Protein chains: 2
Amino acid sequence: MNATAGLIIGNEVLSAKVTDLNGPHLIARLREHGAKLLSLQVVPDDVDAIVEALTLARRRARFVITSGGVGPTHDDVTVRAVALALGRRVVRLPEMVELLRRAHEDKPLPDAALRMADAPEGSELIAVGDTRFPVLACAGVFMLPGVPQYFRAQLEAVLPRIPAQPVTLKVLYVALGEPELAKVLDAIALSMPHVAIGSYPVFERDAGYRVKLTVEHRDAHAVEAVLDALKASLPASSIVREG
Amino acid sequence: MNATAGLIIGNEVLSAKVTDLNGPHLIARLREHGAKLLSLQVVPDDVDAIVEALTLARRRARFVITSGGVGPTHDDVTVRAVALALGRRVVRLPEMVELLRRAHEDKPLPDAALRMADAPEGSELIAVGDTRFPVLACAGVFMLPGVPQYFRAQLEAVLPRIPAQPVTLKVLYVALGEPELAKVLDAIALSMPHVAIGSYPVFERDAGYRVKLTVEHRDAHAVEAVLDALKASLPASSIVREG
């Protein structure tokens, strides 16, 4: 089970102050990378809420990518929550203290700034290209910052750690409605339950088709078998095109 | 506890085939309505995943709005999952059977179409303006369709059922970094823990400020008290503007 879950942490997203860019970016990049995203949760800056969401995510996903809550202020509770969810203590990482001191250069470093060197015990730091701060990773949880430019940069350093399992996707556009298709889809989905078959109706009259069927699996042969079964079971005149 | 949670159901979103429009729309409309959104989860078309997500959401939220998985095909499992999570049987609603028959007019109604009349026992149908299909609601769970145009129409019929609790939001833009602000924020957040104080750094050099502080609560007096405390605790020169 090599799948990934995403966890966007931020009151500002839930209260519509900020439009979340990191969730959509994560979805797109994981797909391009060929990794499966199992779920995406948006939760507030609240330790209990994060612990619960992370526990749920880790029940199914080997990797969890979080966004936000890693700064030095009172509303940055991600590290504490991840440590709780993993059953680990929070420790201060000397390597991060050193990086923070260097980042502050000539200015004195406020005590609070050192909070950004705190991490769940056993964390690893993953270097990020030419940027100053590494990704904080612990037991398959990657704790990324919420600021989109940094989230994006750090995500590129995380992706190589996630095994790619590219899928084959075939699409069939049909001129029947879902009620008319349901029986055929039932039978095929039941006979090949490992292959994901999606059914997406459109209601615009000028779409040229009524339902978009997607067939998807890591095994291209299985996808072809389902596609063949669909084409054999549906009236030829109902198939608008393949994609 | 009158808060709401959102649940977007759809493999197509998680696999980047479709950009989710319903989540952002739900966030925006709940905020305009004055209702609190506690969490937003995107999960696959999978009964177990939906049951788990719904159970988690209902632990904190009185209302849950779901999007997707309410059609007649094999991948439409929302009703079954909601019934399971609520511990209710699935029953066929005569009123929905009648609506479906009318919607199909002259054409014969396929058996599979009647699946859209299935609902958790004790469900209520909420009329939606001038559209044909009502919202399916059960025990605070509103099961909306995933097609954005219908999701939006049905959401407008749901909002009046969710008590509005408008909040007061004040914003302070400051020229200090988060490390320098953290101690002041700690103290004020600790003394008035019921008021939500958000701290959002920007890293663009031409922003004219370094951190945006948000202060938010239903009680406008509490918001003013925190704002006053912030202004009294921070150097006057660091306050760029209020918003």
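**Ground rules.** I number residues from 1 along each chain as its sequence is written, and chains are lettered from A in the order in which they are written. As the model is predicted, local features need pLDDT of at least 70 and side-chain atom pairs count only at pLDDT 80 or more, while totals for chains, interfaces and linings use all residues.

**Interface.** I took two residues as in contact if their C-beta atoms, placed from the backbone, lie within 7 Å. By that rule 48 residues of chain B contact 48 residues of chain A. Elements are DSSP runs numbered from the N terminus: helices are H or I of at least four residues, strands E of at least two. Among the elements of chain B giving two or more residues to this side are helix 2 (22-33), strand 2 (37-43) and helix 3 (47-60). Helix 7 of chain B gives the largest share, 9 residues. I also noted that 100% of the interface residues of chain B are interface residues in chain A, so the copies meet through the same surface.

**Helix 7 of chain B.** I checked its length against an expected span of 1.5 Å times one less than its number of residues. The 14 residues (178-191) should span 20 Å, and the end C-alpha atoms are 19 Å apart, which agrees. The helix bends by about 30° at B:Val184 (the angle between axes fitted to the seven residues ending there and the seven starting there). Its buried residues (20 or more other C-beta atoms within 10 Å of their own, C-beta atoms being placed from the backbone) include B:Leu181, B:Val184, B:Leu185 and B:Ile188. The buried residues pack against strands 9, 10 and 11 and helix 8 of chain B.

**Sheet in chain A.** I found 4 strands in an open antiparallel sheet, ordered 10-11-9-12; strands pair if DSSP finds at least two bridges between them. Strand 10 (196-201) and strand 12 (239-242) of chain A are the edges, each pairing on one side only. Strand 9 (residues 168-174) of chain A is joined to strand 12 of chain A by 3 bridges, and A:Val174 stands opposite A:Ile239.

Methods: Buried ≥ 20, exposed ≤ 12 C-beta atoms within 10 Å, placed from the backbone.
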